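Here is a friendly briefing to read with the model open beside you.

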Amino acid sequence: MNERPVIQCRGVTVAYGRDVVLNRIDLTVPRGALLPFVGPNGAGKTTLLKACLGLIPHQGGEIICDFGGRPPAYVPQQKQLDPIYPVSVRDLVCMGLYPENGCWRRLDRGQHERVEGVIARFGLEPHQHKHFGELSGGLRQKTLLARAVVTQAGVLVLDEPTAGLDAASEADMLLLIRDLHEAGGKTVLWVHHRMDQCAALARQVCRVDKRGVRLADVSEVAE
Amino acid sequence: MSLLQDAVSFTGLFPEAVLCGTVMAAVCSAFGVFVVLKRIVFISIALSEAATCGLALALVFHFSALAGSALVTAAVVFLLTLPDKRQRMPKDVVLGTVFLLASSASVLLVAQSGFGLEEIKAMLYGDLIVSSPHDRWVLLLTGLPSLALLLLFLRPLLYTFLDREASFVMGLRCWLWEGLFFFLLGLVVSGASKSGGALLVFCLLVVVPATALLLARRLWAVIGLSVALGVLTTWAGLLAAYRADLPANPTIIGMACLLLMGVALLRARHDRARHER
């Protein structure tokens, strides 16, 4: 079994123009981790994850990623998707199959079953033909998570998956994340703000602040 | 005379107008769906004006109209596809400047050339009635392959526009798909500008697809409906202009705008009624 780290950052620097957000940071993310990225606003949590995914260029150091031969799945904040697009929940979940099907191939029977399974697992059956723009924030976020899960990627990266959700949807989303890690054995990295919720889910957190980036036990950071 | 007799007589008298109008409406209305979805309406009018400026250049310096409009449109497309960081200015400002520069340059070029007001009007507003067989070929050769490529690569284009970051992580080359779309849009606008004029092209790229988006819920349905509405509005506009002795292009534009307003009103009523239930 592949035991190499999912992400290794060595002396990585990321800047927006002259504004250095991450300065020569080192980080090793072990495979199979359930790891929230915590820290104050503007510390660079999202920037760090986006740099690891290649969404933002880094100016120095090196980032070595081993996602296990399959692209990772990225879940943006639901508000990043323009609700004007005429796509249904099902269409969006099927989007996750693009790496397998490319431009033209239609879904085969196995993929149809996989889509059905994921939609059922996330409780999206009654909404699957609804327009994405008509859904509540919680259902939109669930749809994006379902799209990530249908890819069967071993690594999931989520950018503030509970942002803008009410308390019930937030709790629901966090349970889904834990379930994906425990039952699915996936590496799940996500940006989060509330330490009390992190403490209930994970053993370790990735602390991002002015002093740099480091992995720490939840209890240590909570204190 | 009956409506049908008028339609037959108009088609016999102006076959190129009907053909050019049909091709232009189908192609621009299909592309326009992404123009509206991607919220780049301002880009489409800047491109239309750039194409008009290219036409003015061609008119003054006596070279091919398609080459003129394609040249200036390609320059604007290149400017638009530059990464934001290298532009050092908000994209809206760049677009606004392009629009103003292209509009004023078109008028100044034609005014300096000794051509009259009629040429300026013809360029800005276009006139489908005077479309030539050459215009028809230009439209067919630029529009139909572009439309075919748009439909062929609909999936990656949609995904790139819908969720660029997730698409990139999935392995899509987003810059390639965005570049292809803008290149094809530039080609379509260049090809359509001489017959359609900046205003009709802009109308077909924005007003017609916006109407279709109010009526249909799935992407394929929106594209199909947009093409159908574009073609029907163009035919209806041409026929109305023929019967009432009006300029064709403004009549088509007026009809498309009225249709959008009517559909928007009906949709608002329908949504309110559903909400109350």
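This is a predicted model: local features need pLDDT of at least 70, side-chain atom pairs count only at pLDDT 80 or more; totals for chains, interfaces and linings use all residues.

Helices (H or I, at least four residues) and strands (E, at least two) are DSSP runs, numbered from the N terminus.

**The three-stranded sheet of chain A**

- Three strands form an open sheet in the order β2-β1-β4 (chain A), with antiparallel pairing; two strands count as paired if DSSP finds at least two bridges between them.
- Strand β1 (residues 7-16) of chain A is joined to β2(A) by 7 bridges, and the two run antiparallel.
- At the edges are β2 (19-29) and β4 (60-65) of chain A, each pairing on one side only.
- From one strand to the next, the twist averages 25°.
- Helix α1(A) packs on this sheet and touches β1, β2 and β4 of chain A, its direction making about 115° with that of β1(A). Contact here requires C-beta atoms, placed from the backbone, within 7 Å, and axes are lines fitted to C-alpha atoms, for helices over the stretch in contact, with angles from 0 to 180 degrees between N-to-C directions.

**Helix α1 of chain A**

- Helix α1 (residues 45-53) of chain A has 8 of its 9 residues buried, so it is largely enclosed by the rest of the structure.
- A residue is buried if 20 or more other C-beta atoms lie within 10 Å of its own, exposed if 12 or fewer, and partly exposed in between, with C-beta atoms placed from the backbone.
- Among the buried residues of α1(A) are K45(A), K50(A) and C52(A).

**The six-stranded sheet of chain A**

- A second open sheet has 6 strands in the order β5-β6-β7-β3-β8-β9 (chain A), with mixed pairing.
- β5 and β9 (212-217) of chain A each have a single partner strand, so one side of each is left without a neighbour in the sheet.
- On average, neighbouring strands in this sheet are turned by 20° against each other, direction ignored.
- Strand β5 (residues 73-75) of chain A runs parallel to β6(A), joined by 3 bridges. A73(A) stands opposite L156(A), and V75(A) stands opposite L158(A).
- On to strand β7 (residues 187-191) of chain A: 4 bridges join it to β6(A), again in parallel, and V157(A) has L189(A) as its bridge partner.
- The chain passes from β6(A) through helix α6 (residues 167-182) of chain A to β7(A) in a right-handed β-α-β crossover. Right-handed means that, with the strands pointing away from the viewer, the path from the first strand over the helix to the second runs clockwise.
- Helix α6(A) lies across β3 (34-38), β6 and β7 of chain A, at about 155° to β7(A).
- Strand β6 (residues 155-158) of chain A is covered on both faces: V155(A) and V157(A) on one side, and L156(A) and L158(A) on the other, are all buried.

- E160(A) is not a glycine, yet its phi is positive, about 45°. E160(A) sits in the loop between β6 and α6 of chain A and is buried, with 20 other C-beta atoms within 10 Å.
- H62(B) also has a positive phi, near 55°. H62(B) lies in the loop between α3 and α4 (65-81) of chain B and is exposed, with 6 other C-beta atoms within 10 Å.

**Where chain B meets chain A**

- The contact takes 20 residues from chain B and 16 residues from chain A.
- On the chain B side, α9 (154-162), α10 (164-170) and α12 (219-244) each supply at least two residues, and α10(B) gives the largest share, 5 residues.

Notes. Residues are numbered from 1 along each chain as its sequence is written. Chains are lettered from A and ligands numbered from 1 in the order in which they are written. Two residues are in contact if their C-beta atoms, placed from the backbone, lie within 7 Å.
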